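Good morning, and thank you for making the time.

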Amino acid sequence: MSDKHYLEWPFFEARHATLEKELDAWAAQHVAHAHGDDVDAACRQLVRQLGEGGWLRHAVGNTIDTRAICLIRETLARHNGLADFAFAMQGLGSGAISLFGSAENRDAYLPRVARGDAIAAFALSEPQAGSDVAAMQCAAVRDGDDYVLNGEKTWISNGGIADFYVVFARTGEQPGARGISAFIVDAGTPGFGIAERINVIAPHPLARLTFNNCRIPASKRLGEAGQGFKVAMATLDVFRTSVAAAALGFARRALDEAMQRATQRQMFGQVLADFQLTQAKLAEMATGIDTSALLTYRAAWQRDQGRKVTKEAAMAKMHATETAQQVIDAALQMFGGLGVVSGQPVESLYREIRALRIYEGATEVQQLIIARELLKEA
């Protein structure tokens, strides 16, 4: 994309523009291509490449530059959806360790994650507990110096290839969300298993996990007992705005593809871009993208100032993901029959964007969060 005027917005510092330029060049060389059918192998390779390139260090540690995280996700998403996934999951999967882990746990896991030597996963959702975390059934019972985990998790990204999982389980200190704790579970732990690999429309590693008398040292609990909901929400808070940034990257790529198509496609003695209907659609797409970018980087900037961003992050995530879906759909329409051919960029984008309107809080949940915050302010 030639015009990157948004990097001059007051939300950014000079280092952010430098970061984006360097990553854009790196991504064009290393990840701007379709992966093969072996998605597990592709994801492992991308994690290694991102680690070797030094990009994963931005997603790991106590101090997170939210604007940098967002620019990285936007740039990677524009080049390769699986690369964005690989980067994001290293951050989300290890975020609870960065924020709440003991010095011993941070030293044992975070450097490996940053180097791309260990793949991380975040295991919160269950078959009957997705948006409603308080309905969690997976349980952990204290037994001496250990906890014994029983239950299952599902829709777990990196499930089946992760080296460790941050797992949330009910420990019963209080009812509802106040009786949950977080634990690090290594992939080879006895009693832990992959019950099912899940195939989705935009392929990436995803699985259902089971725990059958899975014994975990209490030293691998993150935070205090019963603080798991706090751990989960704090981790998600760091990365929710970056979901909006990934959607923004997908939308920008779709607009680039649409512009190229519209200015080259011959139709009825002129090009597609000569039609006023096409011009109106391009105008809507560009305006929606800039609006999403303003919301996204406002939230990222605000978080980097140490301010609360619950409402702003929800607005960014809701608007950017919903708008990206519309932009990509409009781009695909301009391609006509070619747009639904497997492997075409707009066809891949169409599949990539759909999950972003669901994970890390579905659009409907973001609407509830925004309304709740507005009512608090009132």
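Throughout, a residue is called buried if its relative accessible area is under 20%, exposed if over 50%, and partly exposed in between, using a 1.4 Å probe and protein chains only. What we have here is a predicted model, in which local features need pLDDT of at least 70 and side-chain atom pairs count only at pLDDT 80 or more, while totals for chains, interfaces and linings use all residues. Residues are numbered from 1 along each chain as its sequence is written, and side-chain values use heavy atoms, with hydrogens and water left out.

Let me start with glutamine 366. Its relative accessibility is 0%, so glutamine 366 counts as buried. This residue belongs to helix H10, residues 363-377; helices (H or I, at least four residues) and strands (E, at least two) are DSSP runs numbered from the N terminus. What does glutamine 366 contact, leaving aside its neighbours within four places in sequence? With contact meaning heavy atoms within 4.5 Å, the partners are Arg240, Ala314, Lys317, Met318, Glu360 and Gly361.

I turn now to the chain as a whole. It contains ten helices and ten strands, and 54% of its 378 residues are buried. A compact globule of 378 residues would have a radius of gyration near 21 Å, and the chain agrees, at 21 Å. That radius is taken over C-alpha atoms, and the globule rule is 2.2 Å times the number of residues to the power 0.38. Along the principal axes, the C-alpha atoms fill a box of roughly 80 × 50 × 40 Å. Of the contacts between residues at least 6 apart in sequence, 74% join residues at least 24 apart.

Next, the interior. A nonpolar core here is a set of buried Ala, Val, Leu, Ile, Met, Phe, Trp, Tyr and Cys residues joined through side-chain atoms within 4.5 Å. The largest such core has 73 residues, and Leu76, Leu149, Phe168 and Phe211 touch the most other members. Helix H4, residues 81-100, supplies the largest share of this core, nine residues. A second, separate core has 44 residues, including Ala77, Met285, Ala324 and Phe335.

The aromatic residues deserve a moment. Rings of Phe, Tyr and Trp (its six-membered ring) pair if their centres lie within 6.5 Å; planes under 30 degrees apart count as stacked, over 60 as edge-to-face and the rest as tilted. The structure holds ten such pairs. In one of them, tyrosine 6 and tryptophan 9 have ring centres 6.3 Å apart and planes at 65°, so the pair is edge-to-face. Tyrosine 6 is buried, at 1% relative accessible area, and tryptophan 9 is buried too, at 15%. Tyr6, Trp9, Phe11 and Trp301 form one aromatic cluster.

Finally, two asparagines with positive phi. Phi is near 70° at asparagine 158, which lies in the loop between strand S3 (146-157) and strand S4 (164-170). Phi is near 50° at asparagine 213, a residue of strand S7, 206-217. Which of them is buried and which exposed? Asparagine 158 counts as buried, at 1% relative accessibility, whereas asparagine 213 counts as exposed, at 52%.
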